[in-house]
Amino acid sequence: MKLFHQPVLLPEVLQALRVKKGGKYIDATVGGGGHAQAFLKLSGKILGLDCDPEALNHARESLSTACPSSALSRGPKASWRLVRANFKDLAKVAKMNGFDQADGVLLDLGVSSYQLETPQRGFSFKSPYPLDMRMDPDLKVTAADLINGLGKNELKKLFEKLGEEKLASRLAEALVSARRVKPILSCQQLADVVLKVKRKKGKIHPATQVFQALRIAVNDELNNLREALPGALEILKTGGRLAVISFHSGEDRLVKDFFKDQENQGDLKILTKKPLRPSWEEMKANPRSRSAKLRVGEKK
Ligand SMILES: C[S@@+](CC[C@H](N)C(=O)[O-])C[C@H]1O[C@@H](n2cnc3c(N)ncnc32)[C@H](O)[C@@H]1O
């Protein structure tokens, strides 16, 4: 099977969550099951969530292949269970599956390499396929709907706020002019319009921020995280740990502020004064890890 996703900061996550035999762990972004596999190998009980059915298919395959002895995924004695759900409903899903009073929760935010690299999913610059970007295929609004439907000012704000794009205004203008000629329907078409405004410098594609902003908006990523964090804290047992890996400054700020508020209220102890970052070796082996930040807190 093609590698679905290389788990980021794996030893750091295992250490942070102190995975132990029989402990209950929720991987709220199970993806290809990279982190979850490692939890299983340490004999933890796993509840894995993902909103993408393709991710769950991969996770099911990799969990049963990696740990055949724990392939039992049904019944009260199951060592792992996968549920298609949005992590904003984490507390509800955990309670329904007997995973309240959990020992640990992991949120590894954003998209997987599989999602990014499957051209039909519409996340990648060179894809000739429709500009889609939905992680959950049941969502109603695609990236093409936003690019063709939002006003110039709304596009500018989106690129500034979620993409931290310095040329937001010029890009919004260029896109509105381009779509007057013909709707922008494919990823490649969008990347081509961006390339007319931003020149290619270095290794990072000039459309990276625009694509990131659209992806965050299509999947309502910041609101989902805002709802998931209190849910995660609610279902942890005292002494249980919450680990969050973020890849975007907006997400990291949200996690940092949530942790601080909870610490001030006496409900959480922050275990990472500064976020943990991947080692140089990890960044070299897996360039996608380079913007990862891990924050860990313990429920009081
Ligand atoms: C970075 S990948 C996780 C990779 C995983 N840790 C691994 O090692 O294979 C993030 C996953 O979270 C899922 N995801 C993103 N937002 C979600 C949400 N709101 N609810 C549920 N799953 C979500 C994505 O579909 C994706 O599969």
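The lining of the second largest pocket consists of 5 nonpolar, 1 polar and 6 charged residues (Ala, Val, Leu, Ile, Met, Phe, Trp, Tyr, Cys and Pro count as nonpolar, Asp, Glu, Lys and Arg as charged, and the others, Gly among them, as polar). The model is predicted: local features need pLDDT of at least 70 and side-chain atom pairs pLDDT 80 or more, while totals for chains, interfaces and linings use all residues. Residues are numbered from 1 along each chain as its sequence is written, and side-chain values use heavy atoms, without hydrogens and water.

The volume of this pocket is about 260 Å³. A pocket is an open set of points on a 1 Å grid over the protein atoms alone, where a 1.4 Å probe fits, with protein on both sides within 12 Å along at least five of seven lines; lining residues have an atom within 4 Å of a point. Among the lining residues are Glu154, Lys157, Asp220 and Arg226. Helix H7 (152-163), helix H10 (208-218) and helix H11 (221-235) each give two or more residues to the lining, with the largest share, 5 residues, from H7. Because domain 1 (10-113 + 221-299) and domain 2 (140-218) both contribute to the lining, the pocket lies between them.

Around the ligand there are 25 residues, of which His35, Asp50, Phe87, Asp108 and Gln115 come nearest. A ligand nitrogen atom lies 2.9 Å from a polar side-chain atom of His35, and a nitrogen atom of the ligand is 2.7 Å from a side-chain N or O atom of Asp108. For Gln115, a side-chain N or O atom is 2.9 Å from a ligand oxygen atom. The protein buries 98% of the 600 Å² that the ligand exposes when taken alone (Shrake-Rupley method, 1.4 Å probe).

Technical notes: A residue is near a molecule or strand if one of its heavy atoms lies within 4 Å of it. A polar contact is a pair of N or O atoms within 3.5 Å; within protein, one must be able to donate a hydrogen and the other to accept it, and residues adjacent in sequence count only if both atoms are side-chain atoms. Grid points are joined across faces, edges and corners, and a volume is the space filled by probe spheres set on the points. Helices (H or I, at least four residues) and strands (E, at least two) are DSSP runs, numbered from the N terminus. Domain bounds come from an automatic or database domain assignment.
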